Amino acid sequence: FERLPGVEPLARRKVARDWLERMAADFEAIDRSAMVDAVLSVIEDAAFSPLFGPDSLAEVPFSALVEGRVVAGSIDRLLVNEAVVRVIDYKTGAHVPEAEGDVPIGYLRQMGAYAAALAVIFPGRTIEAALLFTGGPHLIMLSDAIIAAHKPDFAEGKAKLTAAS
């Protein structure tokens, strides 16, 4: 998801296979091939093309001071324009929620913290947060209400973020 969007579409499969041969040689060829198929099925799906277009950024490190606390991390995918900042986090587990109400609370807290930090970094812009469950694939846009409800409450010492990314 990080490297392939910038590769010419007709070359992606070969580039991915070559990379996995070098970096995951201990996996069986059939398993590496399945990984390539899974990633390409998401990247090449027209429904997700804006997430992987030339205006998107991958693996973006960030840090911001939010209510006197540092919030830092690495964003899987980030889209920024004059009015909107969209943060997307990939989730690769087998469980794929159907709607935002089914998303595990740890993921919601993680995205609440990311959104709070991005609001500091990009003041005046709308912050949108989404989770891309690659097992579906299924993109869940998170509402402002659910993000606000899961923003860390730094005043009460609830700044610990334990969500697995």
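Reader: Which element gives the largest share of the lining of the largest pocket?

Author: Helix α1 does, with 5 residues. This is a predicted model, where local features need pLDDT of at least 70, side-chain atom pairs count only at pLDDT 80 or more, and totals for chains, interfaces and linings use all residues. Residues are numbered from 1 along each chain as its sequence is written, and side-chain values use heavy atoms, with hydrogens and water left out.

Reader: How much space lies in the largest pocket?

Author: About 370 Å³. That volume is the space filled by probe spheres set on the grid points, which are joined across faces, edges and corners.

Reader: Why is the contact of Lys14 and Asp18 called a salt bridge?

Author: The term needs a side-chain nitrogen of Lys or Arg within 4 Å of a carboxyl oxygen of Asp or Glu. For Lys14 and Asp18, the N to O distance is 2.6 Å, so the pair qualifies. The two residues are 4 apart in helix α1 (residues 12-23), which means about one helical turn separates them. The whole structure holds 6 salt bridges.

Reader: Is Lys14 buried or exposed?

Author: Exposed, at 55% relative accessibility. The cut-offs are under 20% relative accessible area for buried and over 50% for exposed, with partly exposed in between (1.4 Å probe, protein chains only). Asp18, at 28%, is therefore partly exposed.

Reader: What does the salt bridge of Glu128 and Arg86 tie together?

Author: The closest N and O atoms of Glu128 and Arg86 are 2.9 Å apart. Glu128 lies in strand β4 (residues 126-133) and Arg86 in strand β3 (residues 84-91), so the pair ties together parts 42 residues apart in sequence. Glu128 is partly exposed at 24%, and Arg86 is partly exposed at 25%. Asp89 and Lys91 also meet in a salt bridge, at 2.6 Å from N to O. Both Asp89 and Lys91 are buried.

Reader: How do you know that β1 and β2 pair?

Author: Two strands pair if DSSP finds at least two bridges between them. Strand β1 (residues 56-66) and strand β2 (residues 69-80) have 10 bridges, in the antiparallel sense, so they pass. Val66 stands opposite Arg69 in β2, and Pro61 has Ser74 in β2 as its bridge partner. Their hairpin has 2 residues between the strands, and Glu67 there takes a positive phi near 50°.

Reader: How many bridges join β2 to β3?

Author: The antiparallel strands β2 and β3 are joined by 4 bridges. Leu79 is partnered with Arg86 in β3. The hairpin from β2 to β3 runs through 3 residues.

Reader: Why is the pair of Phe1 and Phe52 called stacked?

Author: Rings of Phe, Tyr and Trp (its six-membered ring) pair if their centres lie within 6.5 Å; planes under 30 degrees apart are stacked, over 60 edge-to-face, and the rest tilted. Phe1 and Phe52 are 6.0 Å apart centre to centre, with 25° between the planes, so the pair is stacked. Phe1 lies in the segment before α1 and Phe52 in the loop between α2 and β1, so the pair ties together parts 51 residues apart in sequence.

Reader: What makes the pair of Phe1 and Tyr90 tilted?

Author: The ring centres of Phe1 and Tyr90 are 4.7 Å apart and the planes stand at 40°, so the pair is tilted. Tyr90 lies in strand β3, 89 residues from Phe1. Phe1 and Tyr90 are buried, and Phe52 is buried too. Phe1, Phe52 and Tyr90 form one aromatic cluster.

How values were computed:
1 Å grid on protein atoms, 1.4 Å probe; cavity = no way out; pocket = protein on both sides within 12 Å on 5 of 7 lines; lining within 4 Å.
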